[in-house]
Amino acid sequence: MIAKISSGKSTAGLIRYLYGPGRANEHTDPHLVASWDGFAPDPGRTDDISATRNLLVADLDLRVQQAKRLGRAPKQHVWHCSIRTAPGDRILDDAAWGDIARRVAAATGIAPTDDPDGCRWVAVRHAPDHIHIAATKVRGDLRTARHWNDYLTADRELTALEKEYGLHQVVRGDRTAAKRPTRAEQEKAQRTGRPRTARERLRITARTALSAATTPQEFFALLDNSGVLVEIQRFPSGDIRGYKIALEGDTNKDGHPVWFSGSTLAPDLSYPKISERLASAEAASTVPSEPDAWRRLAQATDRVPDLLTHSEVETGQAHIAALAETLDALPLIAPAALRPQLMQAAGAFERAGRSSIRAHHQQARTTRSAIKAILREPAPKDGAALAILLDALLLAVIAARHWHHTHHHNQQAEAARRAAEHLRTAYQAAAFQPIAVIHRRGCHLALPLQERQAAVVRQALPDLAEQILTDPAWPALAATLAATKSAGHDTVTLLSQAARHRELDTATNIGEVLTWRLNRLADLPQYTATAPTDLSAPARTIRPTHQRRTR
């Protein structure tokens, strides 16, 4: 069940709406299912609806009027809570809805159990799947009700009610989700033929700029260059206090730009959060960078599952935030055919990138440095580099989902699951050509060499050996094992390590999974396993677009 809570100034207006036809004649048979004392007049069960409605309003407003005479009435004295079941839930009867209303009113502090001075309230049902609780916030002792954090307390009560009534258990958050577009914003996007609202487009633009920037100044410059209006707000001292952005051409009724501060786009896009994150990027940029940022980023990403398992939660959250930045950056430089899935993966993982745990961003500065570097260095001509990175990202996103699930971050875990689906699709498209190249190389290995690699598999992974040796990607893995041996590694040890953190029992192609992980662990020069030789045709060159794009 989902609760939506708001405040208002007119008891009569709310009751008139609840007993009216609705905005699209969707209200049917409006009637009370519960009230503060069980004896409130019900306009839906009388012949004179108007008179009974006025009587109900007067009863609800009785204490409000008394408080007004004493100058103690709140400006917004109406409390309104709608409660809706999930699609597919069974239809509850009036008695069940009445019980739900009483428990929510008690849990939120509107009418605590066994409190004779609780607020006056009624629960109206005018549809099969939801009710509305209308209350006035003045208690019997003429004090204003203490209903702070009513959304959270209502949510906790609904969680218990879902279990008791056998209803769908909603995935709930921790108040770190980005604000959803309002109805007005959605309608405006529809009128202008935009697939996304201004809020959503600006959020994506800001995240993309943040993934590329190394300083706040560069962040603002990237926003400005992307066609976004930027206004920086400062303290009297001249220090930056915050910022707000708007889309060009997006104006209100007075013709002024519709501005959004960073914090209204997402909690982690506020200026203090951005400044904190970019400080770690600046610290990393002072360290001389090593060549091949793609390899460094793949290796850093490959370590994320272990770090999530063995690090403090603040460090784990920092690595997940860096993982989100990686996903934000990839669509800028990926081949055009992969961008739709990568954009969807980044959009889905946006919710998984933060939680109520404060991230120690300094702990992820190596990963963040590599992210910035891949946007500034020429993309590798070897198509395997992108496939290897996507494979590592997929593993890290799966690990992030498990981490969030362990810490009861239900919304973030679900977001990571959806991101993994899009990443898997992008990976399969990116890996098709490179894995074919390695496969051809493996097919041309001399038989004694193939047998030696098979012996390595049987020694390192005896329980999985026969499955791996009959896997369609076995020739590719054999070629990678040979390259790993030539690079001076202990192939038995490295293969055991490659399999350690993989969910090989659920992998659709074990040989392919191990091939990419060995490439990362062995740090094969120029990804030797895919280098063109006289036995394999050159891999198709992927030519990423270096021009930054916002959407």
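Leaving aside neighbours within four places in sequence, Val-397 is in contact with Leu-323, Leu-327, Phe-349, Ala-416, Ala-419, Ala-420 and Leu-423, where contact means heavy atoms within 4.5 Å. The model is a predicted one, in which local features need pLDDT of at least 70 and side-chain atom pairs count only at pLDDT 80 or more, while totals for chains, interfaces and linings use all residues. Residues are numbered from 1 along each chain as its sequence is written, and side-chain values use heavy atoms, with hydrogens and water left out.

Helix H15 itself covers residues 384–406. Helices (H or I, at least four residues) and strands (E, at least two) are DSSP runs, numbered from the N terminus. The 23 residues of H15 reach 33 Å from first C-alpha to last, close to the expected 33 Å; the expected span is 1.5 Å times one less than the number of residues. Of these 23 residues, 18 are buried, so H15 is largely enclosed by the rest of the structure. After H15 comes His-408, with a positive phi near 65°.

Turning to the rings, the count comes to four aromatic pairs. Rings of Phe, Tyr and Trp (its six-membered ring) pair if their centres lie within 6.5 Å; planes under 30 degrees apart count as stacked, over 60 as edge-to-face and the rest as tilted. Phe-219 and Tyr-243 make an edge-to-face pair, at 5.6 Å centre to centre and 85° between the planes. This pair links distant parts of the chain, as Phe-219 sits in helix H7 (residues 216–225) and Tyr-243 in strand S7 (residues 240–247), 24 residues apart. Phe-219 is buried at 1% relative accessible area, and Tyr-243 is buried at 2%. Ring pairs link Phe-219, Phe-220, Tyr-243 and Tyr-271 into a cluster.

Finally, the structure holds zero disulfides, a disulfide being a pair of cysteine sulfur atoms within 2.5 Å. For Cys-81, the nearest cysteine sulfur is that of Cys-119, 14 Å away.

Technical notes:
Buried < 20%, exposed > 50% of the residue type's maximum accessible area, 1.4 Å probe, protein only.
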